[in-house]
Amino acid sequence: MKKNHYFVLLKAIVITALVLFIAGAICKVTVCRKAGAFQNDPAITILFSMIRQPEALKVPDTVVSTPDVPPINPDGGNTDNPDDPEDPSEPTDPGTDPNEPGTEPPGNDTPLTPHPVERSYFDDALFIGDSRTLGMSQYGGLDNATFFADVGLTVFNAFDVSLDTGNYGTVTLSQLLSSGNFSKVYLMLGINELGYPFESLTSQYLSVVNKIRELKPDAKIILMANLSLTYNASVRTSYLSLDNINKLNSTIASYANGKDILYLDVNPIFTDENGYLKEDVSGDGVHPYGSEYVKWVEWLCQNGF
């Protein structure tokens, strides 16, 4: 009778684990992929992650339209159509928008080049990112820097969640940028969102950069390349291929103007000759070991602006 009781208990455990795995797998490829959250978590733990961090699943109701969609005139005409009559009251060459990423800020003709800095350089820096940036906050040793980072953070929910930022308390990113005294803002997002249509991802990334510029007009914005994955981790999920990561990083690099919007790529110190994250620097193929974040910060100290 006792044996039968243990068998029933074991059967219940196996069935429960199977149900959790199946439900988690379904949620991972539907709800979680849409929110760009928990993509690196095992399927069996997904439901627990969703319960623990429900805010990570929030996706804005609207996504910024892709840059390829031309604006529409109020009268229904396409502003990019060369056949539309020009308004003689408007200049024929509107120039560039100084607030658009990739354009040169007025009054600054000297591109900035990386140079060594002391750790105090990061005392007024804000780091925005996902689980990799969260790891830097925990193991990098930049105790005076401010971090707005979380496992489920994406370009789609960055301005919708509230996170604990230490000295500034639990705030939204808008509140943090509005109240914090930051002369430089580091941004590393996009890896979790590679399951989205690429143009939606890059368009929303631009929206985040523009919002940061709006709230911190005088700060340098440093766009950080997304760290690669190990070969084994990359081939497990098709949309996390090395080609997709490189394509995303190349697009992000194109948004920098070398002056008030900069680009930094730490990958060369962590990747092999093929561009994959070295197997010996990560336990899960995605996140560096704690000691590697120290090297990352040391590299940042050699590449200040």
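Q: Which residue with a positive phi follows helix 3?
A: Happy to start here: this is a predicted model, in which local features need pLDDT of at least 70, side-chain atom pairs count only at pLDDT 80 or more, and totals for chains, interfaces and linings use all residues. Residues are numbered from 1 along each chain as its sequence is written, and side-chain values use heavy atoms, leaving out hydrogens and water. Helices (H or I, at least four residues) and strands (E, at least two) are DSSP runs, numbered from the N terminus. After helix 3 comes a residue whose phi is positive, near 90°, and that residue is Gly 141.

Q: Which residues of helix 3 are buried, and what covers them?
A: Buried means under 20% relative accessible area, exposed over 50%, and partly exposed in between (1.4 Å probe, protein chains only). In helix 3, residues 131-139, the buried ones are Ser 131, Arg 132, Thr 133, Gly 135 and Met 136. Their cover includes strand 1 (125-129), strand 2 (146-149), strand 5 (184-188) and helix 8 (290-301).

Q: In what order do the 5 strands form the open sheet?
A: Strands of a sheet pair through backbone hydrogen bonds, either parallel or antiparallel. Two strands count as paired if DSSP finds at least two bridges between them. Here the pairing is parallel, the sheet is open, and the order is 2-1-5-6-7.

Q: Why is one side of strand 2 and of strand 7 left without a neighbour in the sheet?
A: In the order 2-1-5-6-7, strand 2 and strand 7 stand at the edges.

Q: What angle does the direction of helix 3 make with that of strand 2?
A: Helix 3 packs on the sheet, touching strand 1, strand 2 and strand 5 (contact means heavy atoms within 4.5 Å). Axes are lines fitted to C-alpha atoms, for helices over the stretch in contact, and angles run from 0 to 180 degrees between N-to-C directions. The angle between helix 3 and strand 2 is about 150°.

Q: Are the residues on both faces of strand 2 buried or exposed?
A: One side of strand 2 carries Thr 146 and Phe 148, and the other carries Phe 147 and Ala 149. Both faces are covered, and these residues are all buried.

Q: Which residues does Leu 187 contact, leaving aside its neighbours within four places in sequence?
A: Leu 187 is among the residues that touch the most other members of the largest core. Beyond its sequence neighbours, Leu 187 is in contact with Ile 128, Tyr 205, Val 208, Val 209, Ile 212, Ile 222, Leu 223 and Met 224.

Q: How many residues apart are Arg 213 and Asp 260, which form a salt bridge?
A: A salt bridge is a side-chain nitrogen of Lys or Arg within 4 Å of a carboxyl oxygen of Asp or Glu, and the structure holds 4 of them. In the pair of Arg 213 and Asp 260, the closest N and O atoms are 3.2 Å apart. Arg 213 is in helix 5 and Asp 260 in the loop between helix 7 (242-254) and strand 7 (261-264), so the pair links distant parts of the chain, with a separation of 47 residues.

Q: Is Glu 214 buried or exposed?
A: The side chain of Glu 214 meets that of Lys 211 in a salt bridge of 3.9 Å, N to O. The two are separated by about one helical turn because they lie 3 residues apart in helix 5. Lys 211 is partly exposed at 29%, whereas Glu 214, at 55% relative accessibility, counts as exposed.

Q: How far apart are Phe 198 and Asn 244 in space, C-alpha to C-alpha?
A: Phe 198 belongs to helix 5 (residues 198-215) and touches Lys 247, Leu 248 and Thr 251, not counting residues up to four places away in sequence. Phe 198 and Asn 244 are 46 residues apart in sequence, while their C-alpha separation is 9.1 Å.

How values were computed: A nonpolar core is a set of buried Ala, Val, Leu, Ile, Met, Phe, Trp, Tyr and Cys residues joined through side-chain atoms within 4.5 Å.
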